[in-house]
Amino acid sequence: MNFDNIEDFGFDLKSFRNWCEYQSNMKSMPSSKIAFGRTHKWFGNEVILVHPAVIKKGHWDETVDRLGDYILPGWDCALLCHYRPGVGMKPHYDHSVFEPLVGLVNIGYATFRIGNQEHQLEDGQVIKFDSSILHELLPVVSERWSLSFRRIKPQFLRTYPTNNVCATKLKLIEN
Ligand SMILES: [Fe+2]
């Protein structure tokens, strides 16, 4: 893993925390067995984590776009997660629809375990890790957000141009 801070990329930590706090439309993932009690929001593409995964259009946000281009150029989806105190993530591997490399921004404090290593994540810290290695987030003691960027394996994005055509047609009809 390598470590940076969003301030190294010219982002103000306090403003970014505010941005996280004021997000609307955060959803829960009630069927998730690994992250119970967490809320989330997808940017770029939304990936519904069933088997096989379902890919839809996610939200768009300028801050996410700019940050993603620094942290994981070529990213396809960004997942913002909010953890209340006591909420964590059980040991798991990420869904196979994703390329293994994840770029993640940590807001607040957290203990992250990957393989046989444990890391204390600092406020504003940016990490990159291989999500095909077993990883876990210990229940947090204070409010925490993460914004994680992933690439989707190209074979799962193949149907996307068709969706874009549909979206364009719909827009024309709306106009
Ligand atoms: Fe994960």
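Visitor: Which residues does L80 touch, not counting residues up to four places away in sequence?

Guide: Contact here means that the C-beta atoms of two residues, placed from the backbone, lie within 7 Å. By that rule L80 touches C20, Q23, H40, K41, F43, W145 and L147. Before we go on, two ground rules. Residues are numbered from 1 along each chain as its sequence is written. This is a predicted model, so local features need pLDDT of at least 70 and side-chain atom pairs count only at pLDDT 80 or more, while totals for chains, interfaces and linings use all residues.

Visitor: What is the mean pLDDT of the protein chain?

Guide: pLDDT is the predictor's confidence in each residue, from 0 to 100. The chain's mean is 89, and 89% of its residues reach 70 or more. Watch residues 160-175, though: pLDDT is below 50 there, and beyond near neighbours in sequence the stretch has one contact in the model.

Visitor: How many helices and strands does the protein chain have?

Guide: Helices (H or I, at least four residues) and strands (E, at least two) are DSSP runs, numbered from the N terminus. The chain comes to four helices and 12 strands. As for contacts with a separation of 6 or more, 71% of them are between residues 24 or more positions apart.

Visitor: What is the strand order in the open sheet of four strands?

Guide: Two strands pair if DSSP finds at least two bridges between them. Here the order is β6-β11-β8-β9, with antiparallel pairing. β6 (89-92) and β9 (117-121) are the edge strands, each pairing on one side only. From one strand to the next, the twist averages 15°; angles like this run from 0 to 180 degrees between N-to-C directions, with axes as lines fitted to C-alpha atoms, for helices over the stretch in contact. Inside the sheet, β8 (residues 110-114) and β11 (residues 135-137) share three bridges, and R113 has E136 as its bridge partner in β11.

Visitor: Is β7 mostly covered or mostly open?

Guide: Count C-beta atoms, placed from the backbone: a residue is buried if 20 or more others lie within 10 Å of its own, exposed if 12 or fewer, and partly exposed in between. Strand β7 (residues 98-107) is mostly covered, with seven of its 10 residues buried. Over the whole chain, buried residues make up 29% of the 175.

Visitor: Which residues have the most contacts inside the largest nonpolar core?

Guide: A nonpolar core is a set of buried Ala, Val, Leu, Ile, Met, Phe, Trp, Tyr and Cys residues joined through C-beta atoms within 7 Å. The largest one has 36 residues, and A78, L80 and V105 have the most contacts inside it. Several elements supply at least two residues each, among them α1 (13-21), β3 (39-48), α2 (62-71) and β5 (77-83). The largest share, six residues, comes from β5.

Visitor: Why do the buried residues of α2 line one face of the helix?

Guide: An α-helix has 3.6 residues a turn, so residues three or four places apart point the same way. In α2 the buried ones are V64, L67, G68 and I71. Seen down the axis of α2, they fall within an arc of 100°, so they line one face; the arc is that of the directions from the helix axis to the C-beta atoms. Those residues pack against β3, β5, β7, β10 and β12.

Visitor: Is W42 buried, partly exposed or exposed?

Guide: W42 lies in strand β3 and is partly exposed, with 18 other C-beta atoms within 10 Å. Leaving aside neighbours within four places in sequence, W42 is in contact with V47, G58, H59, C77 and L79.
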